[in-house]
Amino acid sequence: MLLIKNARVIDPASGTDTKRDIWIDGSRISRIAPAETPAASSPSTNGETLDATGLVVAPGFIDLHCHLREPGGESSETIETGTRAAARGGFTAVCPMPNMRPVNDNASVTRSILERAAAVAVTHVWPIGAASTGSRGESLAEIGAMQKAGIVAVSDDGHPIATAKLLRQVMDYCRALDLPVVDHCEDSSLFAGAVMREGVQSVRLGLRGMPAATESIAVGRDVQMTELTGCRFHVAHLSARGSLDLVRAAKKRGLQVSCEVTPHHFTLTDEDVVYDTRFKMNPPLASAEDRAALIEGLADGTVDAIATDHAPHEAASKDVEFDRAPFGVTGFETALALALELVHSGRLSLMRMVELFTTGPARVLGKKRAVAPGEAADLTIFSTDHPWIFHVNQSASKSTNSPFEGRKFRGAPMVTIVDGRIVYRREA
Amino acid sequence: MAERLRDLLSIEELTAGQIAFLLDEAKPFQEFQRHPLKKLATLRGKTVALAFFESSTRTRISFATAASRLGADTMNLQAESSSLKKGESLLDTARTLDAMKPDCIVMRHSSSGSADFVARHLDIPVVNAGDGTHEHPTQALLDALTIRDRRGTMENLNVTIIGDILHIRVARSNLHLLSHFGCRFTLCGPAMWLPREFECFGKQVRRSTRIEEALDGADIVMVLRVQQERLHEPALPLNEYILLYQLTPERLKIARPDALVLHPGPMIRGLEIDPTVADGPQSCVLEQVTNGLAVRMALLFVLIATGSEADEARGSAHAAH
Amino acid sequence: MRVVEKTQLMSATEIDRTLQRLAHEIVEKSGGVANLALIGIRRRGVPLAQRIARAMHGIEHAEIPVGTLDITLYRDDLSKIAAQPVLHSSEISFPVDDKDVLLVDDVLYTGRTARAAMNGLFDLGRPSRVRMAVLIDRGHRELPIEATFVGRSVQTSDREIVEVRLNETDGEERVMLVERVE
């Protein structure tokens with residue numbers, strides 16, 4: 001039994017922003033009532049009372065895109081450390097991509113992930129299964145069996161879905177199963193050997209760059225295939241204005257296309273890249289115009305979700321020459337604070353921001369997220385002004401590859417509740 | 001007084017004052033190359049590690065000779081015999097060399113930013129002898145010295161660079177260096193090697209894909225070599241390059257009559273440069289090589305010779321006689 | 001490091017008289033100046049060498065060649081030089097082989113500068129003879145070096161410094177004894 005008192009509840013499902021008290025019984029929300037004054041006592045006998053004065057309570061955040069590395073890459077992260085880091089970021093559910101070792105391309109890997117999660121994860125784990133066997137782009141993976149085992153979407157993330165022909169097969173198949181297809185949109189021939197976005201900075205640093213078209217050419221292909229097959233399609237980590245324009249046009253035509261943007265893409269640009277592998281990820285940091293377009297897309301609804309693409313790498317593997325470092329940065333614990341920077345600067349409303357973490361991603365997965373009686377008690381409680389500084393050595397993640405080390409933030413996740421249990425509470 | 005130099009990683013991070021200082025320091029070493037006995041004891045007992053992960057004959061020999069003429073010893077790591085082939089990382093190799101206590105590391109590596117990366121991990125001075133497609137600082141210094149000697153100045157000149165500007169690191173270093181001195185640049189070559197972003201490099205940089213237009217009014221013509229193969233790129237047919245971009249005597253006439261021709265070497269006569277131009281009176285290639293030795297001796301002297309307890313207030317006026 | 005002036009050792013007129021006397025001595029003790037060349041050690045040895053050569057020209061009516069030698073590269077103690085030493089070229093336009101060389105410097109102290117100068121000189125060729133002329137010899141030799149021609153000998157302590165100031169290099173003309181204070 002848990003009582004959350006005097007919370008500012010922002011619930012995108014009902015479009016409401018109200019002061020409420022919330023009762024949680026077991027793993028469900030049992031009752032919601034207008035907030036009483038702090039002096040009044042509550043009727044609950046056993047259980048904790050959480051004073052949420054000055055804090056926002058939202059439905060539990062969902063991260064549509066992350067890498068938990070287990071099985072196979074446990075030196076950089078495990079399901080346990082990853083979900084703990086996610087909880088510290090306010091996330092109540094995470095969707096790990098299938099590029100583990102072995103690749104999650106069949107039901108037994110899916111089941112082993114879910115069993116492990118049941119034992120050690122502090123958030124929900126909703127795995128994404130591979131589209132092709134081994135994500136090698138040659139033949140269809142056992143998608144139906146994986147769906148029965150519990151995947152929520154398919155992707156060959158790490159790679160684009162290799163050919164238009166394979167994409168069509170995957171989409172036809174997934175439409176019948178009502179599974180969304182998530183693509184890491186990239187034209188391999190334009191990408192070849194690149195380590196950052198092509199531009200003044202790449203030329204200055206002498207690093208090989210890829211043009212924005214590397215992504216948008218693939219988005220264009222995938223949108224047309226969506227039209228052909230009628231399958232739900234989601235663009236992973238969208239980073240370029242050109243890609244956004246294609247998604248916007250597709251939505252206007254009524255196609256079931258959605259997209260996500262990562263916090264590092266709406267915060268940094270290619271001008272921030274230096275010879276420091278904490279700034280190396282794929283898709284790479286884009287231009288200032290792209291960033292401005294992404295923020296506009298976040299505000300106007302073209303972008304459906306903020307997803308972290310949390311990609312941990314052990315320190316030694318990143319401590320090499322820029323060319324040789326693996327792509328990826330962590331992101332669970334800084335996502336909300338970075339999104340709040342957009343709210344503080346007036347570019348995003350708080351309601352819209354909450355949508356991007358909750359109902360937006362839920363809709364992509366065909367799920368619901370709401371703060372209402374009877375709903376699952378997955379809640380994210382955060383402050384919009386708590387001042388703090390992010391330090392990688394205080395993070396729950398095993399890895400430290402974040403470009404935001406030392407960044408001062410205003411606003412942070414304070415309490416994370418999953419299935420009615422508090423899985424994270426910020427130290428004073 | 002120019003700010004104390006601790007490494008030489010790029011020209012981009014040097015001030016005009018530091019560049020002028022290095023070129024002035026090179027002058028006595030130019031004169032030194034004419035001595036009958038070319039051996040100093042200035043860096044006696046000091047060791048220069050030459051870590052060339054990318055094979056290079058000319059630059060490596062130039063640095064080795066510079067070190068040796070200053071009296072220093074060298075440690076030699078060469079790509080062919082490198083343990084990198086056995087999978088040892090750059091960082092491990094650098095640390096292994098460092099554990100043998102050299103006084104300086106001169107390195108060449110195929111990754112842009114590799115010298116910066118090594119310098120962040122080691123305390124001793126690091127000299128970038130070429131990192132990926134990023135910079136080749138000593139080449140730009142010796143080019144500037146050559147220009148200054150032959151022309152009397154390196155200021156406000158029209159400089160045309162012909163070739164693969166995108167991938168040849170010398171181009172960036174030259175751009176950064178001569179931009180400090182008011183030079184105007186025309187970058188010339190096939191469109192895919194001339195990204196528009198170069199125009200953001202200095203106040204006076206323009207591009208041209210036509211060599212005749214690019215050479216008009218040039219005081220300095222820098223010819224870059226053509227790398228015959230490159231990863232991830234469809235190759236340009238060499239005959240196309242020769243037809244459109246070879247520096248021939250006729251094309252050279254379009255430039256100013258006293259224009260200088262520079263080439264970082266090695267030249268392929270008949271490819272990017274006509275043999276008569278390569279060996280003609282306007283060509284400075286041999287002086288470039290001699291000046292390379294002088295610049296590298298000056299650089300090693302400045303980085304290694306000065307002691308840690310050196311007190312700037314104690315100038316030579318008070319030094320022991 | 002701060003220094004405090006103690007005494008003036010030589011005035012402008014005394015410097016001039018001393019150099020004239022040295023010029024005469026050198027002419028007397030050289031057995032002919034036909035093969036003689038002066039090499040001034042940077043910095044203050046250079047104007048001194050030039051003045052001595054001019055004085056000798058007045059006496060012998062012969063042009064004595066003067067060269068300059070920068071000894072920074074030949075020093076045995078690198079840590080004593082400035083953090084970013086400015087190098088100058090040596091300028092010796094005459095061949096050194098078989099020359100009768102006279103090194104000229106302002107102050108002879110430990111002898112290390114003279115040793116470095118000889119190293120530099122021998123890199124250029126093989127002189128028939130090398131001698132040295134200095135304005136001030138302040139003792140405290142650390143090497144077996146002697147100056148054949150000495151303007152004045154002065155007793156000094158380790159804390160003291162002999163500062164020769166010349167118009168060409170310092171804008172004034174005198175020799176001062178100064179002391180280091182911590």
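Me: Before anything else, where do domain bounds come from?
Reply: Domain bounds come from an automatic or database domain assignment. Keep in mind as well that this is a predicted model.

Me: ok, how is chain B divided?
Reply: Chain B has domain 1, made of 16-136 + 289-310, and domain 2, which covers 137-284. The C-alpha centres of these two domains of chain B are 26 Å apart.

Me: how many residues are in contact between domain 1 and domain 2 of chain B?
Reply: On the domain 1 side of chain B there are 18 residues, in contact with 20 residues of domain 2 of chain B.

Me: which elements give two or more residues to that domain 1 side?
Reply: In chain B they are α1 (16-32), β4 (126-131) and α11 (285-305). By residue class, the side of domain 1 of chain B that touches domain 2 has eight nonpolar, seven polar and three charged residues.

Me: now chain A. how is that one divided?
Reply: Domain 1 of chain A consists of 2-57 + 375-385 + 399-425, and domain 2 of chain A is 60-364. Taken over C-alpha atoms, the centres of the two are separated by 28 Å.

Me: and the contacts between domain 1 and domain 2 of chain A? how many residues?
Reply: 24 residues of domain 1 of chain A are in contact with 36 of domain 2 of chain A. On the domain 1 side, β17 (379-389), β18 (408-418) and β19 (421-425) of chain A give two or more residues each.

Me: how many residues of chain B are in contact with chain A?
Reply: 21 residues of chain B, against 15 residues of chain A. α3 (90-99), α4 (114-121) and α6 (169-179) of chain B each supply at least two residues of the chain B side, and α4(B) gives the most, three.

Me: what classes of residue are on that chain B side?
Reply: Seven nonpolar, nine polar and five charged, on the side of chain B that touches chain A.

Me: last topic, chain C. how many helices and strands?
Reply: Chain C has four helices and eight strands. Along the sequence they run β-α-β-α-β-β-α-β-β-β-α-β.

Me: why call chain C as compact as a globular protein of that length?
Reply: Because the radius of gyration of chain C is 16 Å, close to the 16 Å the globule rule gives for 182 residues.

Me: how much of chain C is buried?
Reply: 41% of the 182 residues of chain C count as buried.

Notes: Residues are numbered from 1 along each chain as its sequence is written. Chains are lettered from A and ligands numbered from 1 in the order in which they are written. This is a predicted model: local features need pLDDT of at least 70, side-chain atom pairs count only at pLDDT 80 or more; totals for chains, interfaces and linings use all residues. Two residues are in contact if their C-beta atoms, placed from the backbone, lie within 7 Å. Ala, Val, Leu, Ile, Met, Phe, Trp, Tyr, Cys and Pro count as nonpolar, Asp, Glu, Lys and Arg as charged, and the others, Gly among them, as polar. The radius of gyration is taken over C-alpha atoms; the globule rule is 2.2 Å times the number of residues to the power 0.38. A residue is buried if 20 or more other C-beta atoms lie within 10 Å of its own, exposed if 12 or fewer, and partly exposed in between; C-beta atoms are placed from the backbone.
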